[in-house]
Each structure stands twice: as structure tokens, then as C-alpha cells.
Amino acid sequence: MSTESLRIVWVYPDLLSTYGDRGNALILARRARQRGLPIEVLEVRSDQRLPATADIYLVGGGEDGPQALGAQRLIADGSLHRAVAQGSVVFGVCAGYQLLGNSFFAKGTKCAGLELLDITSDRGETRAVGELTGDIDARLGIPPLSGFENHGGRTHLGPDVSPLARVTAGVGNDGASEGAWRGKLLGTYSHGPALARNPALADLLLRWATGIHQLPPLDDTWSDRLRSERRAAVAAARA
Amino acid sequence: MPLRAKVASSVSRTAAALSRAAGRGDGSVIGGWIGLKIDPDLLAHLAAGRAIALVSGTNGKTTTTRLAAAAVGVLGKVATNSFGANMPTGHTSALAKAGSTPYAVLEVDEHYLAQVLEATEPHVVALLNLSRDQLDRAKEVAMMAQLWRAALVRHQDIRVVANADDPMVVWAATPPPNHDHRINPPQVTWFSAGQRWHDDSWVCPECGSTIQRSGDQWWCTGCPLRRPQPQWTVEDDGVLDPTGAWHKVSLQLPGKVNVGNAATALAVAAEFGVRPVDAVSRLSSVTSIAGRYAQVERDGRHIRLLLAKNPASWLEAFDMADVAPTLLSINARDPDGLDTSWLFDVDFAPLRGRQVLITGDRAYDLAVRLDVNDVPFQHIRSFDEAVRAVPPGRLEVIANYTAFQDIRAELDRVN
């Protein structure tokens, strides 16, 4: 941790918060507090300078225009690159995942990304809307991904990143793989409050940020019920 | 009316009546659907000769339509789609069923505004607000504003009544800079009905700069877009009209948001020449609308139904609800949108300290949200269980669309 309290930055909520993205900041803060970890959440709007010394950066989803604008401002600001160089955790969701890569398409135009993840995104023929599930990379040691996706992008992974998950339902990057990670950077198409359905993923980010390998378990009754109810719904839709 | 339209209109009415008699629905869609199959121009034929107001936006359009229809009623008979069937099939059914009326006030789904403008050639269009709603299939907010703007500049003779507090609406009602100046842009009357939800308008739709807010005012930091001076405003429990006269509004509907809807309704009626002083008393005749705000007694519980379909309308519902036991019900069926992510855009903290019950297809999504929000709750499986779980007295029910309809069905389709 950089200071005595864990610092989470929610990047550009004015641009990159299409649908419930605030949830990820709320969930991380609550899970840290329940473990007695002091925590501070900063919402940094796009007309403000991004701090370069926070522990976790959350980059959420957004419409095409705000996504392109957000990427431009993050490149010009430079703080996120410095933070990554110093070992900060970055969690990108949907548009926020795409803009961490080399390039993406917004409003039909190819836009430069932050080149923090070795991925490139273009447009698919159809929009991917619906439940998204996948088996997460075994090295991360967490249960399957459960989420909802809503995006028109297709993402291609370069050699410097690993897929976050192998898709079992939905589309993700390309119908086979979903999301990407490298070091302490992780991105997913599971949009909005992705951590609500994936408390183990929230804890992974907290472990990365704090260096604490054994976080005390929490009561995840409601998340567990939600996960099994969604799993049953996906199975029922197949049957 | 051409013969084909007459036949279509008559068949449409019959189908609607059959649908009602068969208990299949209230007939507000099926009749129009059949009528439009026979005569694709039926809506235009039915609209011809009437002075029409259209009411569109993400939230409040059903209520505002009902209030505006009551206000315009000062002048004579008004046709309206009061069941919330707000697509062209619903408009066709409503006009066919009403027969010949000099006036019509129609609620229009925001996606269909351009099409209905074309078909009905209205006298006035009221634009309420634009915010995130069912994003898994709805258009993005900025794209919707763009569609409205493009449709409005094609109709230079119409009057627009628009919300000065919503930057997206103001932008949509303002002709683009490259607008052909030989064509008169629509005349806009601005109202201020307040806006609790700001999270879809931090970025200027014109230039992409940040929008700043201070008190009621908002302005773009990069271009001239800013809040216009409204002619109609809400003050205390009444409405200030453009002449500066204040009219007390006594409604049977709860919440500040409905005083704002009343101001909009009076502004719409004024475009037909109705004086607010003549219309304002008629607004209190509006009670519940297709079950919204309906109050029902059951086993000593005074149950009130509030519909909340998206983040902006949940904020309004918390403002309307009494501090009393509250049942929340969430579904995610097709009409609701399949995605429940928006639950994290709503701050449920106002419910702390109230007895909170949750139910619905997606109660677990809500459970996780409330847990993170530190709002204690109890999960129940049926509406009857909810009634038994609370003491006699007020029970507030807040539900999204199909969850609301399920509960309404439990209460014998209360209106």
C-alpha cells in the first residue's frame, strides 16, 4: 500500500460510468473495511488531474464518445502510466477494458489506447448482449466468472497478455476467450458492477493491492445465491 | 377519412373490445396493431383534424400525459392513451377508440418520437427528460438526443415545451449550428421541473466539454450551451406561469416530481390557449394512472404502489414514499431490460431505518446491492407474505415494470 490507507481511484465517473460502474468502488471499499483495512475512494472527474500514487484504479464502461474522450485525456494526463510502472492495480470494464489496449473503435473511428494491455479491439458484426460466464485462468485461483455483457466490440489478445477466462456462455473477447490480464492489470467485458457477482475477483484485486495473501473470509451468502441463480438461468436458457 | 381507414378503424375498435372481453389485456395495443395492418397510414388518418400534443421522455410521461389531457379538457373532448401504451399501435388504438375529438394528448415512447411526429403532425411536443433506461436494448442517451434533434428541425411549425433543467433535452430542442436559417426552428417554451438525476449529463452533447452545475444553473465549459431561462417554474406547492402569476397545485399524486409534471401539463395546455387559472383545478381529478400511485386496502394494510423503472425514477420514488415499511420488487424480463446493473446507480440509503422487504425474479441482485449499501432487508417469496410481514398501516411498494404488473395482478388489476 502506498500510504497508511488503501486508495482507490474511480477514473472519470463523468465519462466512464454507463451502468452501475460505481458498484465496483463500493464493493471494494466495503470488503476492505470489513477486514479492518482503512480505505479511501477518490472520484476523479475528467477535468481533474489523476493522482499517480493510488493503489487501485477503476476504469468503467462508457458510450463511444466518452470512451474516446476518456482515452485521450488519460494519455495526455500520463498519471495512469506512472501508477502502473509503480505497481498499482488497474481494473478495466468494457469500454474501460478496451481503452487500456493498443487501439479500439469508437463511432466508427480507430482510436489510440493507453497501450497498457497488449490487446486491440474492433467491432463485431453483432452486439453481444446477455449473460457472460467463463472459467477463469487457473493461475488466478478463483471461481468462474459470472456477469452480464453489453458491447459491440471484439478484442484480440497479443502475446504479452493472458485471457482472463475461457468463455462458457456469451461472447467476451471473441466467443472463446474473455478479458485479459497481465501483472496487476485486469480487464473484462463483464460490464457495470462486475464485482457484485464476483466477490473472489474483488478480493484478488485487494490482495494485489495490499500484498496480503490471506484475507479473512466474508459472509458472501447473497452473492453466492445470486451466482447460483444466474448459473441456473444460463443452464435453463440452454436447455 | 378514406374508406380503407374507416374499415381499419372499426376493426381496430372491435379487436380491442374482443381483447378486453377475453381478458387478454386492456386492448390498448392489439386493436392498433390490427388496424395498422389493414391501413398503414391509419394513425395519420386518425390524427388528421385534431389538435395534438405529444409527450415524450424517459420518465414521467404517463403521468404528465394524464395531467395534460385533464388540463386541455377545459376546451373540449381529449383523446389520450392513458394506459401507457405509448407506441404507434397504442396511439392508433387510443384515437380509434375515442372517435372524433377536437384534441388529443399522446404519450410517446422516446424511440418513436420521430415516427409519431411524422404521422400526427402535432401542434405541440413536450420533452421531459432523457436518462439511462434499459441500456441492453435502448439507445445511448446522447444518441437519443441526436435523434430528437434531427426530427424536430424537420417540423418547423410545431411548438416545443421543453425541460430547461436537462442539458440533453435543451440540446435536442435547440437547432444545430449548421441549421438552415431560412427555415424557422420550432418555437420553444422552457419549463423547470427540477432534476434529481444528473449522471447522464456531465458531458456536453455539442462539444464534449464538461458541464458545470451550481444551484439550478448549468452551463457548458466549452461552448454556449447553457440552461435557458424557464418561463414555467415550480415554486413551493404551486406553479409560476410566464406572467409571474402563481397557481397553487393540489394533486392526489405524491411527490415534488408530480408538481413538476403539473407545471409541464399547464405549459402544454397553454399552447392550446388554456389559461392556467382555468386548468389547475382539473389536475386534482387525476388519481392513479394504470395502477401507479394506486392505494389499496388489504388486511388492515394501506398499500400504495409506486413504479420505478430506472435510476432517476427510483430517486423520485424514495422522495414520494412515506417513512414506512417498504416492499421492493425487481424483475429483469424483456419489458424491464435484462440487465440489473443499474441497481448500483441507485443509492438506497434513504431506506435505512425502514422495514425493507424484497421480492421479484431478481431479488438476489437487489439483495447484494442492499447489502453493499448497508440497508438491512428481508427476502420474501410472495406478495401475501409481504403483507403478513408488516404491521397494519402503510405499506409502500416500489417495483419496476413487470414486477409492478405482477403485484397489480395480485390486487385485481387495480387502476
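A:C94 touches A:G61, A:H151, A:Y189 and A:H191, leaving out residues up to four places away in sequence; contact here means C-beta atoms, placed from the backbone, within 7 Å. This is a predicted model, where local features need pLDDT of at least 70, side-chain atom pairs count only at pLDDT 80 or more, and totals for chains, interfaces and linings use all residues. Residues are numbered from 1 along each chain as its sequence is written, while chains are lettered from A and ligands numbered from 1 in the order in which they are written.

A:C94 sits in the loop between β4 (89-93) and α4 (95-98) of chain A; helices (H or I, at least four residues) and strands (E, at least two) are DSSP runs numbered from the N terminus.

An unreviewed UniProt entry lists A:C94 and A:H191 under "active site". They are spread over 98 residues of sequence, yet their largest C-alpha distance is 5.6 Å. UniProt annotations may be inferred rather than shown by experiment.

A:H191 is in the loop between β11 (185-188) and α5 (199-210) of chain A. Beyond four places in sequence, its contacts include A:Y19, A:F148 and, from chain B, B:S341.

Now for burial: 20 or more other C-beta atoms within 10 Å makes a residue buried, 12 or fewer exposed, and anything in between partly exposed, with C-beta atoms placed from the backbone.

| Residue | Other C-beta atoms within 10 Å | State |
|---|---|---|
| A:C94 | 27 | buried |
| A:H191 | 28 | buried |
| A:K107 | 10 | exposed |
| B:D374 | 10 | exposed |

What about phi? Most residues other than glycine have a negative phi. A:K107 has a positive one, near 50 degrees, and B:D374 has a positive phi of about 55 degrees.

Note on methods:
Contact = placed C-beta atoms within 7 Å.
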